[in-house]
Amino acid sequence: MSRVSVEVDKTYGATLSFYRLGKGKPRVLVTGAMHGDEVIGTYSIRRAISSLDERTLKGSVTFLPVSNPLAFRCRERASPVDSTDLNRVFPGDEKGSVSQRLAHTIWQEATQADYILDLHGCGMSCIPYVLCLHQEFDYVREYVRKLAISTVVESSGLRGQLFIEASHKKMPAAIIEAGSHRGIFNTDHADQLYRTIFGLLASLSIIDEKVPLAKQRFYGKISNTKVDEEDFFIPRVTAGMTVKKGDLLGVMTTEGKKVLSQHSGIITSVQMPGVVFPGDSVANIAEEI
Ligand SMILES: [Zn+2]
């Protein structure tokens, strides 16, 4: 294993550390903490690096445990220096802000890869799911079948995200969202991510191992159900449940008003019991297709 550190900004101490294992094709890039508080990817990647270090690989994998080092240190989503969301500025700019330069450096690495996997967090009340452009690109759809996660969701396609920009350049790329935010994470989801990394490498024959593929279900884009008043929300559903339009999602406590689903599909995340304000989403639902 070799570690390559790239100093992106000296003043703020923004350095990216890439860990390279094996050599040659196929080349896989796995990134974590693109949003600094979504640390589940970093944790899973560090575990994967230590268990892969002694093994012989047929091909190569580069891990970037922390893509957004300044935000990571603050357990914040965006950079504390330029308040920019790193996953909105790809392919970056060599002469831009710190975030744009981080994106540029990561993009250089990404363009060398045959497959890209970016690990994110969807809060602490969500199910793990793959987010990708499976409806647009056959090579993306084929790629995500190698990921041992049963729920596959179509992305909104918002530009400036690493996986979206890569997918448009014919590079198979996807995000996995799993339970994590504000510097904490779900350990069961972390185990799944760890196994998914191994499964991906096994299905590309980079490591010699039998890892069963997941039975997957493909969904459309995520829609959210929003509330229009300040109140306390108590959910009556959990993430992973499938619902139909009109089904009960939860109640607002003041007058017992029911919050009904505006969509049919699988609940990828649901608001935990707590205060809500007008415009807050209480449930994200990946729609049936
Ligand atoms: Zn994220």
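Three bridges hold β6 and β8 together, and the two run antiparallel; strands count as paired here if DSSP finds at least two bridges between them. On another side of the story is β5 (residues 115-121), which runs parallel to β8 and is joined to it by six bridges. In that pairing, G121 sits opposite A178 of β8. All of this comes from a predicted model, in which local features need pLDDT of at least 70, side-chain atom pairs count only at pLDDT 80 or more, and totals for chains, interfaces and linings use all residues. Residues are numbered from 1 along each chain as its sequence is written.

So what about β8 itself? Six of the six residues of this strand (residues 173-178) are buried, so it is largely enclosed by the rest of the structure. Buried means that 20 or more other C-beta atoms lie within 10 Å of the residue's own, exposed means 12 or fewer, and partly exposed is in between, with C-beta atoms placed from the backbone. In a regular strand the side chains alternate between the two faces of the sheet. In β8, A173, I175 and E177 point one way while A174, I176 and A178 point the other, and all are buried.

Zooming out, the protein has six helices and 19 strands, taken as DSSP runs numbered from the N terminus (helices H or I, at least four residues; strands E, at least two). Buried residues account for 49% of the 289 in the protein. The C-alpha trace spans about 60 × 45 × 30 Å along its principal axes. A compact globule of 289 residues would have a radius of gyration near 19 Å, and the protein has 19 Å, which agrees; the radius is taken over C-alpha atoms, and the globule rule is 2.2 Å times the number of residues to the power 0.38.

Helix α1 (residues 40-52) has 13 residues and reaches 18 Å from first C-alpha to last, close to the 18 Å expected at 1.5 Å a residue, that is, 1.5 Å times one less than the number of residues. Its buried residues are I40, G41, T42, S44, I45, A48 and L52.

Then there is D82, in the loop between α2 (69-74) and α3 (98-110). D82 is partly exposed, with 17 other C-beta atoms within 10 Å. Neighbours within four places in sequence aside, D82 is in contact (C-beta atoms, placed from the backbone, within 7 Å) with S97, V98 and S99.

Methods
Contact = placed C-beta atoms within 7 Å.
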